[in-house]
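Take a moment to look over the sequence and the fold. We will walk from a sheet to a helix, then to a pocket and a loop.

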Amino acid sequence: MQPGDLVGLIGSKGPELALIEAITGSRARLRAGWDGKSQTIPMRQIDLLAALPGVHEPPTRLDQPPWQLEPSALAAASPGRRDLGAAWLLLVEAPSEEGIGLDEFTELVAGADSPAVRAACWCWLQQGEQHLFRWRQGRVHPRSLHDLRQLRHDRRRQVLDERRLQHWHDLLRQRTPLNPAELDPAQTRQLQQLLAFAGGEIVELPDPELRRGLQAAHCAIEPGPVRRLLVDLGQWQPHALPSLRSSVWEQGFDSALLEDAERLLAQAELEQPGDGSRRDLTALRSYTIDDADTEEIDDAIALESLAGGGWRMWVHIADPGRLVASGSPLDLEARRRASSLYLASGVVPMFPLPLAVGPFSLRQGQRCAAWSCAMELAEDGSVARHELVRSWIRPTYRLTYNDGDALIDLAPPEEPDLAQLQRLLERRRRWREAQGALSMEQSEGRIRCKGDDAELEITDPSPARALVAEAMILTGSVVASHASELGLAMPFRGQPVSELPPESELQALPDGPVRHAALRRCLSRGSTSAVVSPHFSLGLPAYVQVTSPIRRYADLVAQRQLAARSAGQEPLEATQMEELLKELDPVIREGIQISREDQRHWQQVWFEQHRGERWQAIFLRWLRPQDRLALVHLEALAMDQAVRAPESCQPGDALTVQVQQVDSLSDLLRLEAR
């Protein structure tokens, strides 16, 4: 090669023609393309097409294209299909390992040789869609008949793939419900990728074709827009929780577990081991007090008048361990779940529902197996005496909290028990407060779902709710102290001592949500351990949750520890208890996270339905002052929310809040306060 030669190279936009200007060592400076752009590349990357002596003289000619040829003339010189086919037949009959040169090829397909024809033939040989010849190391080789057949097969397959891909992109772009059964395997894989991405199982979409399809559908490659697309395609429920996908609660109970549940239902009325030693407390007038829609009834309360004066309180706790043996399939499934799951739509139970609401629950008018804790209080509210027994009870009344409030307020002579229980437990509450317990009762708003609609439900403090809460705390305290005295490992709940704001500082804050927010900010997180430890905010030296064994697996474990000790069997040691608690902890946290995500989603749905409204709020504290992000209490909704607030806000300031932006499918809620 020398200056003035016409060469070909593969540029960024495909085959390109160029004129050599100069050669330095192994590199050549070229004037490339019709625009005559100058560039320097290694000579191994260019193909000699034709020598054009004299073209580079005089030098001013270099300002023109690299040869005296218009693009239209080059197109006119391109070989025809018939000539190319005839040339292939000639060459394939007597193939040469060395192939033929460009000049011979040009003569064969065009019957003439000129720079224009050589350039046109070379450009044609570089095209990916041609399949008769190959250009290799400056020589032309005919493809074999076998190669042609394979190329045609590959081309047909490529065309079909492109059609399928275009059909899939059209489905995404149309955003109408599709039938997954009608998708091919590649489309099914892409749909699964979309579902995994929308559910947070993967953080990016690895398939570039899928990303192009989303762009064609004008869908941003973000979980929220993808969820909206899947809703339009009929593949995602508008209120489906990403965190619930593939969780133990979503999977439900398999058929074998349901068969076990049916078997236990049939055995519930039969004599079980230990039934003969249960104390008969069916004569006691017992009350269950719950929300109207509660189905799993874990606890009941009763009052007994003592012969020598005074009162004995009873708290009865459901005893599912009577039917569910430790290590049985149903027990292991409950252990996998660790607790029931509380959603806006209802409760996903830890045990199959027929058992949970049937023989496990303390049902009105029926003889029920229970653990019963008897407690007598001293004048100062401390526990003077207690007793723990396995029992038979017969709940007399099933009350709602409204029913309980009425009986406490009216205290009718024929039903005085709840009013007396309320007085006794109020004495106990004052004792705990004297030990440092914190009282932060306030109304709480929660969103429930009714179909696709979100409804606000506000729970106000009431005498009946305070009575039940204090009775459960008292029972947990008594059982914890009892187990501690016996040296019995339990899932003890503890909370480290926290340094609270000075009393003068607290008194300067408005009572209610503002003061409570200041206290909560200082509290340490509670923990569960096999070793007893104080619980700061409850004001107790020892505490264990034991009153919900149908809904919390750790409560059932606590009952089994008591049962093992009373039966002379070996309970779990502290190390074994710690291992069990370590196993339960991540599942409990997952359940809490799912419940919070569910409530957050339905709050967003509720705000979508009320986006034009405004609400009065009280400033609680700053979350991120640099971003003007604050925590406020929405009084009419009885809930705390993060909002953007004016920089000058102080705790207790009154604000007006409105929706700035909300999208429940994108998990987006932005509130603005003024």
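Two strands pair if DSSP finds at least two bridges between them. Keep that rule in mind, and remember that this model is predicted.

Start with the hairpin of E10 and E11. Five residues lie between its strands, and Gly 309 there has a positive phi near 95°. Strand E10 covers residues 299-305, and strand E11 covers residues 311-318. Seven bridges join E10 to E11, and the two run antiparallel.

Now widen the view. Strands of a sheet pair through backbone hydrogen bonds, either parallel or antiparallel.

Step from E11 to strand E14, residues 368-377. Six bridges link E11 and E14, again antiparallel. Here Val 315 has Cys 373 of E14 as its bridge partner. E11 itself is mostly covered, with six of its eight residues buried.

Strand E9, residues 286-290, is joined to E10 by two bridges and runs antiparallel to E10. Ser 286 stands opposite Ala 302 in E10. E9 and E16 share four bridges, but they run parallel. In E16, Arg 398 is the bridge partner of Thr 288.

Why is E9 largely enclosed by the rest of the structure? Five of its five residues are buried, so the strand is covered along its run. In a regular strand the side chains alternate between the two faces of the sheet. E9 shows it: Ser 286, Thr 288 and Asp 290 point one way, while Tyr 287 and Ile 289 point the other way. All of these residues are buried.

Next, a helix. H3 spans residues 102-110, and its buried residues are Leu 102, Phe 105, Thr 106 and Val 109. They cover an arc of only 100° around the axis, so they sit on the same side of H3. What do these buried residues pack against? Their partners are helices H2 (81-93) and H4 (115-125), together with strands E5 (46-50), E6 (133-136) and E7 (139-142). After H3 comes Gly 111, with a positive phi near 70°.

Now look for open space. The second largest pocket holds about 910 Å³. It is lined by 39 residues, and the closest to its centre are Arg 560, Gln 561, Ala 563, Ala 564 and Gln 569. Several elements give two or more residues to this lining: helices H11 (329-337), H15 (463-486), H18 (553-566) and H19 (574-609), and strand E15 (383-393). H18 gives the most, with ten residues. By class, the lining has 17 nonpolar, eleven polar and eleven charged residues.

Finish in a loop. Glu 613 lies between H19 and strand E21 (614-624). Is Glu 613 buried, partly exposed or exposed? Its relative accessibility is 37%, so Glu 613 counts as partly exposed. Leaving aside neighbours within four places in sequence, Glu 613 is in contact with Val 657 and Gln 658. Glu 613 and Val 659 are 46 residues apart in sequence, and their C-alpha atoms are 7.8 Å apart in space.

Key: Residues are numbered from 1 along each chain as its sequence is written. This is a predicted model: local features need pLDDT of at least 70, side-chain atom pairs count only at pLDDT 80 or more; totals for chains, interfaces and linings use all residues. Side-chain values use heavy atoms; hydrogens and water are left out. On a 1 Å grid over the protein atoms alone, a cavity is a set of points where a 1.4 Å probe fits but cannot get out, and a pocket is an open set with protein on both sides within 12 Å along at least five of seven lines; lining residues have an atom within 4 Å of a point. Grid points are joined across faces, edges and corners, and a volume is the space filled by probe spheres set on the points. Ala, Val, Leu, Ile, Met, Phe, Trp, Tyr, Cys and Pro count as nonpolar, Asp, Glu, Lys and Arg as charged, and the others, Gly among them, as polar. Buried means under 20% relative accessible area, exposed over 50%, partly exposed in between (1.4 Å probe, protein chains only). The arc is that of the directions from the helix axis to the C-beta atoms. Contact means heavy atoms within 4.5 Å.
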